[in-house]
Amino acid sequence: MPSAFALEGLVRRYVHKATEPVLHRQRVHRLRDWKDESHPDAPAGTWWSDETHWYAGGTSPRAHNRITPLIDGGEFFPALREALEQAQQYVYIAGWFLTPYIPLGRHDFEDIQESRLLPLLVETARRVPVRILLWSGAPLLIQPSTRLTRAVQRVIEREGGGDLLCRLDSTARITHCHHQKAIVVDGQVAFVGGMDLTTYQGDRWDVAGHPLRAGVNWHDVQLRIQGEAVADVEQNFRQRWVASTGDDQLPHREPQVDPAWNTPAQIVRTIPAETYPFAPHGEFGIYHAYTTALRQAQRLIYLENQYLWSPEIVDALKEVMEQRHTDPFRIVIVLPARAYSGKWDNDDHVKKLREADGGRGIISFYSPYASGPAAGSYAFKYRAVYVHAKVAVIDDEWFTVGSANLNERGLITDSEMNVLAHDRSIACDLRLRLWAEHLGMAREELEQIDTLELIDRVWPDQAARNAKIVQRHDRQLVGELHPYQIGRMPGSWLLEEAELLTFEH
């Protein structure tokens, strides 16, 4: 009997071949329709007009910000809990889905009980207004369903208290969704990234090193923002809230800005056309940020993403590989070993990019794995860490973190939000912290090794060593890295594959 993965591959191949010509024509027309909207010229004379990475079709870049990357739920959840406990004016939450009683702390039983999300929000709502805006869910085909999201809303309304309201945004088209993950507290701090406040299809709380656990291990990244850009995150919430509910009486405070905060940043969005009155033609800043930055890269592109489906992104990567570079040029991409309902598409584009590389060693692909002692015929168990992060670091100068996957949904048809920033110190630190996690090495140790040597020797050597360990089942992995494998990946079995047959989230 063929495995679930094989069955899914057969179905996806059939659908892809049957619809490819139609989808290509639709994509060409869609891109032609909004290309000019997506790449407007920056206003002359602005401080950012000479840097084409910035997107002129949305909110302007802001010069004075403080940005703190939070890697994995173990860093994000405690930071969010602290912000909620200190809220004095209001809290706004825009999400894809929400688990009301997800605990934000995991130190012990008492911490788990006291850090549950809904009780924290209720306590906060006794002091200040708390507003939650979730996608209304899908009426059919994809998850979470409308029935499930309405059940969550009823729990919040039944168990809530104080000035707490949860509303559902039903403006997305039937096969699309609202995918933003953004939180604003008091107009002074915002959180933007890939992390949902849920355990649905995977508990988002995990820590660096990803110790093997009962459920899937989860790798993700969120940014904490202070400074001018917080107002733009809040504006997005206010626009969507008014469009969804008709309520335009939300409180507002301008962010207080420390003159020492000097990271230029921009909130870029995907807003589908004909979805909201505030952007009738849509807004495609994330597409602009990625395609522009990738094509202008000079030394290094580092990507972490759940999906690599977008032909425009693949074309940009092919194009930059063929350019003449003064310095050695490398691309490193981290993907989940088996993307939910999307491994075949990832495999297809990985194959195309490897063929474009032609053995030159420019581009490489990896997947992280968790490992630990096992009960059964083997001494150790290996399971893929689910990469849900949406991160790009370009030349250790530019970086973006947000909710957008590298597919048509993330770049064109779903509502998304990313932060685009230009700061060498933060970009380099973010990359090194992510590499330290994947390699199982200290950040300080990585600083002593040349970047090119890390990419050309350390990454492939460790991945190859771990691939042999997985074959022998006789010891813990060294770090997390495993070569990205097209087709059936190691450490999976039929039951897990069947459980993962779900649509993207």
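Reply: **Helix packing and the cores**

α2 passes α4 in a left-handed crossing. Keep in mind that this is a predicted model. Two packed helices are described by the angle between their axes and the distance between the axes. Here α2 covers residues 73-86 and α4 covers residues 117-125. They pack at an angle of about 25 degrees, and their axes are 9 Å apart. Angles under 35 degrees count as roughly parallel, so α2 is roughly parallel to α4.

Now the residues of that contact. α2 supplies Arg-81, Leu-84 and Glu-85. These meet Leu-117, Leu-120, Leu-121 and Thr-124 in α4. By class, the contact of α2 with α4 divides into four nonpolar, one polar and two charged residues.

The other pair to examine is α11 with α13. α11 is residues 424-439, and α13 is residues 451-472. Their axes come within 12 Å and cross at roughly 20 degrees. That angle makes α11 roughly parallel to α13. This crossing, too, is left-handed. From α11 come Arg-431, Trp-435, His-438 and Leu-439. They meet Thr-451, Leu-454, Ile-455, Val-458, Trp-459 and Gln-462 in α13. The contact of α11 with α13 has six nonpolar, three polar and one charged residues.

Trp-435 and Trp-459 lead from this contact into the core. The largest nonpolar core holds 53 residues. Ile-225, Val-233, Phe-399, Trp-435 and Trp-459 touch the most other members. Helix α11 gives this core its largest share, nine residues. A second, separate core has 42 residues. Its members include Ala-83, Leu-121, Leu-164 and Val-189. Leu-121 is also one of the α4 residues that α2 meets.

Stay with Trp-459 for a moment. Set aside its neighbours within four places in sequence. It then contacts Trp-435, His-438 and Leu-439, among others; those three belong to the α11 side of the helix contact. Tyr-302, Val-332, Val-334, Tyr-366, Leu-454 and Leu-481 are also in contact with Trp-459.

Next, a strand residue. Ile-301 sits in strand β11, residues 300-304. Its relative accessibility is 0%, so Ile-301 counts as buried. Beyond neighbours within four places in sequence, Ile-301 touches Leu-294, Leu-317, Val-320, Phe-329, Arg-330, Ile-331, Val-332, Val-393 and Ile-394. Val-332 also touches Trp-459. Take Arg-330 from the list of Ile-301 contacts. Ile-301 and Arg-330 are 29 residues apart in sequence, yet their C-alpha atoms are 6.5 Å apart.

Several loop residues deserve a check. Asp-206 lies between β6 (189-193) and β7 (218-219). With a relative accessible area of 2%, Asp-206 is buried. It touches Asp-72, Gly-73, Gly-74, Pro-211, Arg-213, Asn-217 and Trp-218, not counting residues up to four places away in sequence. The C-alpha atoms of Asp-206 and Phe-77 are 9.7 Å apart, across 129 residues of sequence.

Asn-407 is in the loop between β17 and α10 (408-413). Asn-407 counts as buried, at 0% relative accessibility.

Then the backbone. Most residues other than glycine have a negative phi. Asp-395 has a positive one, near 55 degrees. Asp-395 lies in the loop between β16 (391-394) and β17 (398-402). At 9% relative accessibility, Asp-395 counts as buried. His-473 also has a positive phi, about 55 degrees, and is not a glycine. This residue is in the loop between α13 and β19 (481-483). With a relative accessible area of 22%, His-473 is partly exposed.

Finally, the whole chain. The protein has 14 helices and 19 strands. Buried residues make up 58% of its 505 residues. Take contacts between residues at least 6 apart in sequence: 75% of them join residues at least 24 apart.

Methods
Residues numbered from 1 in each chain as written. Predicted model: local features only at pLDDT ≥ 70, side-chain atom pairs only at ≥ 80, totals over all residues. Heavy atoms only, no water. Axes fitted to C-alpha atoms, helices over the stretch in contact; angles between N-to-C directions. Helix = DSSP H or I, 4+ residues; strand = E, 2+ residues; numbered from the N terminus. Parallel < 35°, antiparallel > 145°, perpendicular 65-115°, else oblique. Left-handed = near helix turned anticlockwise from the far one by under 90°. Contact = heavy atoms within 4.5 Å. Nonpolar A, V, L, I, M, F, W, Y, C, P; charged D, E, K, R; others polar. Core = buried A, V, L, I, M, F, W, Y, C linked by side-chain atoms within 4.5 Å. Buried < 20%, exposed > 50% of the residue type's maximum accessible area, 1.4 Å probe, protein only.
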